[in-house]
Amino acid sequence: MRVKNAVNAKKKKKKFLKFVKGFRGALSRRYTLAKQSYYRALKFAFDGRKNKKGNFRKLWITRINIAARNEGLKYNELIHGLKLANVAINRKMLAELAVNDPESFREYVKIAKTALGK
């Protein structure tokens, strides 16, 4: 008795075609193209998850810089001053304070200024 593979082959193809449903043109209908676009989409999704972290960090740094300049310090001076004062606060929290609680942010700026000797 010989082994037939049609069921498994169909299952394999269905997996790819189901994922790419809604892709433009032949990418959603032809198996080979569907398979390629499936792997490409997964690669972009992976890269996107990694890029997102850097994008958020850029956003936080921009917000902190704007708020710090309003208080008379540059971003790098603020961060350096906080390091010298042994204040362990991350950029995400600093940005959150800069936007939502300017009074608390001013306290951190004062701490940085005293540590820098300004």
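# Surface, salt bridges and selected positions

Lys-21 is exposed, with a relative accessible area of 71% (exposed means over 50%, buried under 20%, and partly exposed in between, with a 1.4 Å probe and protein chains only). The model is predicted, so local features require pLDDT of at least 70 and side-chain atom pairs count only at pLDDT 80 or more, whereas totals for chains, interfaces and linings use all residues. Residues are numbered from 1 along each chain as its sequence is written, and side-chain values use heavy atoms, with hydrogens and water left out.

Lys-21 sits in the loop between helix 1 (6-19) and helix 2 (31-70); helices are DSSP runs of H or I with at least four residues, strands are E runs of at least two, and numbering starts from the N terminus. Together with Lys-10, Lys-14 and Lys-18, Lys-21 forms a positive surface patch. Patch members have over 30% relative accessible area and no salt bridge; like charges are joined within 9 Å, and nonpolar side chains (Val, Leu, Ile, Met, Phe, Trp, Tyr) within 5 Å. Lys and Arg count as positive and Asp and Glu as negative, while His and the chain ends are not counted. The place of a charge is NZ of Lys, CZ of Arg, CG of Asp or CD of Glu.

Phe-19, Tyr-39 and Leu-42 make a nonpolar surface patch of about 290 Å², the areas coming from the Shrake-Rupley method with a 1.4 Å probe and, for residues, only the protein chains shown counting as cover. Tyr-39 belongs to helix 2 and is partly exposed at a relative accessible area of 46%. Ser-37 is also placed in helix 2, but Ser-37 counts as buried, with 10% relative accessibility. Once neighbours within four places in sequence are set aside, Ser-37 is in contact (heavy atoms within 4.5 Å) with Val-20, Phe-23 and Leu-27.

Attention now turns to charge pairing. Side chains of opposite charge can pair when their charged atoms come close. The structure holds 4 salt bridges, each defined as a side-chain nitrogen of Lys or Arg within 4 Å of a carboxyl oxygen of Asp or Glu. In one of them, the side chains of Lys-43 and Asp-47 meet at 3.7 Å, N to O. Both residues lie in helix 2, 4 residues apart, which is about one turn of the helix. Lys-43 is partly exposed at 44% relative accessibility, and Asp-47 is likewise partly exposed at 29%.

Another salt bridge links Glu-71 with Arg-106, and their closest N and O atoms are 3.1 Å apart. Glu-71 lies in the loop between helix 2 and helix 3 (75-84) and Arg-106 in helix 5 (residues 102-116), so this pair ties together parts that are 35 residues apart in sequence. Glu-71 has a relative accessible area of 24% and is partly exposed; Arg-106 is partly exposed too, at 31%.

Helix 5 also contains Glu-107 and Lys-110, which are 3 residues apart and so separated by about one helical turn. Their side chains meet in a salt bridge at 3.8 Å, N to O. Glu-107 is partly exposed, with a relative accessible area of 44%, and Lys-110 counts as partly exposed at 49% relative accessibility. Salt bridges with shared partners also join Glu-71, Glu-103 and Arg-106 into one network.

Trp-60 lies in helix 2 and is partly exposed at 21% relative accessibility. Apart from residues up to four places away in sequence, Trp-60 touches Arg-91, Lys-92 and Ala-95. The C-alpha atoms of Trp-60 and Leu-116 are separated by 22 Å, the two residues being 56 residues apart along the chain.

Asn-86 occupies the loop between helix 3 and helix 4 (91-100) and is exposed at 71% relative accessibility. What is the phi of Asn-86? Its value is near 60°, positive in a residue other than glycine. Most residues other than glycine have a negative phi.

Gly-117 is found in the segment after helix 5 and counts as exposed, at 63% relative accessibility. Although Gly-117 and Gly-81 are 36 residues apart along the chain, their C-alpha atoms are separated by 9.0 Å.
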